[in-house]
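Try each task yourself before you read its solution.

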Amino acid sequence: MCERERPLGPDYFPILDPPPGGLARLRRHLDAPQPRGAAAALWRRRAAGLLACAAACALLFAGLWPPGRSVPPTLIIVAPPPAVAGVLPGSSASGEAGWPESAAAAAAPDPLTLAFENDAVTFYWVAPHSD
Amino acid sequence: MALARQEIEALYVQWERPLYNLVYRWLWQRDEAADVVQEAFARLWQMGERVRPESAKALLFRIAVNVASKRRRARRLWGWVGLEALGAVEPRSFATNAPEALLDQERQQALMVAIEALPEKLRRVVLLCELAECGYAEVAEILAIPLGTVASRRNAAVKRLRQAMAGWEVNHV
């Protein structure tokens, strides 16, 4: 019991009897052979999950860029944040140099806008202005 | 040195009831509380060499609290638990005649709501202090928090419970 204050006791926490047969149940569990290869099964499940994820990504990509289409899906960052602006060639905070005019001319869309133009998929990512 | 099977069984005989009562106040379902107790001992057994006999009790209670907490979160996720669902749980009555039983059941219901209203960190401490036969030092070890934090959280929880139950005559049982 806690030392510094009188416990609330059974008025607040009446003691309940656990259901009978608990020890016998535990003994049966301890007697049962432990499943072998449980860790391996876990890794198999993880690998299957990864495989399913990769397949879903491949299907998505195939849908976005079907055979015979010359224009790949385009990712256009209209106003990249400073960290990205320094990395991407031709990019700038205003989104002028190096980017298609259609993107620059587009009225500032909502962040993460998905648009379909000329049978290509364009993602517009408008970061918060950082002036 | 790992726990022997006899030691596990001795631990079960010693701590089944406190563990069951602790977990019951977490889940409010008897069958599930019994399942969690079994799972805690099974996990302790599976930990094998990593368990030192002197720390087995703290480890056992930590496992039980974590398993119960995880199940509770999972239930909340599915919308099975919450104050609105507590009416489905039958609080135990200890009274012998009918009017007293009814009053006692209502009081148990109010107590359940009061315990449920405690933030989890307070609930963990007060339930361990009251039901696990632990001193502050043991609770601090089980929950891996400082001793002073145990004392302050326990006092805060007791204060809230007493306030919540102020309208009930708690000594009539």
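**Exercise 1: Trp28(B)**

Trp28(B) is buried, because 20 other C-beta atoms lie within 10 Å. (A residue is buried if 20 or more other C-beta atoms lie within 10 Å of its own, exposed if 12 or fewer, and partly exposed in between; C-beta atoms are placed from the backbone.) This is a predicted model, in which local features need pLDDT of at least 70, side-chain atom pairs count only at pLDDT 80 or more, and totals for chains, interfaces and linings use all residues. Residues are numbered from 1 along each chain as its sequence is written, while chains are lettered from A and ligands numbered from 1 in the order in which they are written.

Task: find where Trp28(B) is and what its phi is.

Solution. Step one: go to the loop between α1 and α2 (30-47) of chain B, where Trp28(B) is found. (Helices, H or I with at least four residues, and strands, E with at least two, are DSSP runs numbered from the N terminus.) Step two: read the phi of Trp28(B), which is positive at about 60° although the residue is not a glycine. Step three: recall that most residues other than glycine have a negative phi.

**Exercise 2: Ala144(B)**

Task: decide whether Ala144(B) is buried or exposed.

Solution. First, locate Ala144(B) in the loop between α6 (136-143) and α7 of chain B. Next, count the C-beta neighbours inside 10 Å: there are 8, so Ala144(B) counts as exposed. Finally, note that Ala144(B) also has a positive phi, about 55°, without being a glycine.

**Exercise 3: two helix pairs in chain B**

Task: work out how α1(B) is oriented relative to α3(B), and how α5(B) is oriented relative to α7(B).

Solution. Start with helix α1 (residues 5-27) of chain B and helix α3 (residues 56-77) of chain B: their axes come within 10 Å and cross at roughly 30°. (Axes are lines fitted to C-alpha atoms, for helices over the stretch in contact, and angles run from 0 to 180 degrees between N-to-C directions.) That angle makes α1(B) roughly parallel to α3(B). (Angles under 35 degrees count as roughly parallel, over 145 as roughly antiparallel, 65 to 115 as roughly perpendicular and the rest as oblique.) The residues of this contact divide into eleven nonpolar, one polar and three charged. (Ala, Val, Leu, Ile, Met, Phe, Trp, Tyr, Cys and Pro count as nonpolar, Asp, Glu, Lys and Arg as charged, and the others, Gly among them, as polar.)

Now take helix α5 (residues 120-131) of chain B and α7(B), which pack at an angle of about 95° with their axes 8 Å apart. That makes α5(B) roughly perpendicular to α7(B). Among the residues making the contact are Val125(B) and Cys129(B) of α5(B), and Val150(B) and Ala157(B) of α7(B). (Two residues are in contact if their C-beta atoms, placed from the backbone, lie within 7 Å.)

**Exercise 4: between the chains**

Task: find which residues Ile15(A) touches.

Solution. Begin in the segment before α1 of chain A, the place of Ile15(A). Ile15(A) is exposed, with 12 other C-beta atoms within 10 Å. Leaving out residues up to four places away in sequence, Ile15(A) touches Pro10(A), Arg17(B) and Asn21(B). To widen the view, 21 residues of chain A are in contact with 34 residues of chain B. The side of chain A that touches chain B has 14 nonpolar, two polar and five charged residues.
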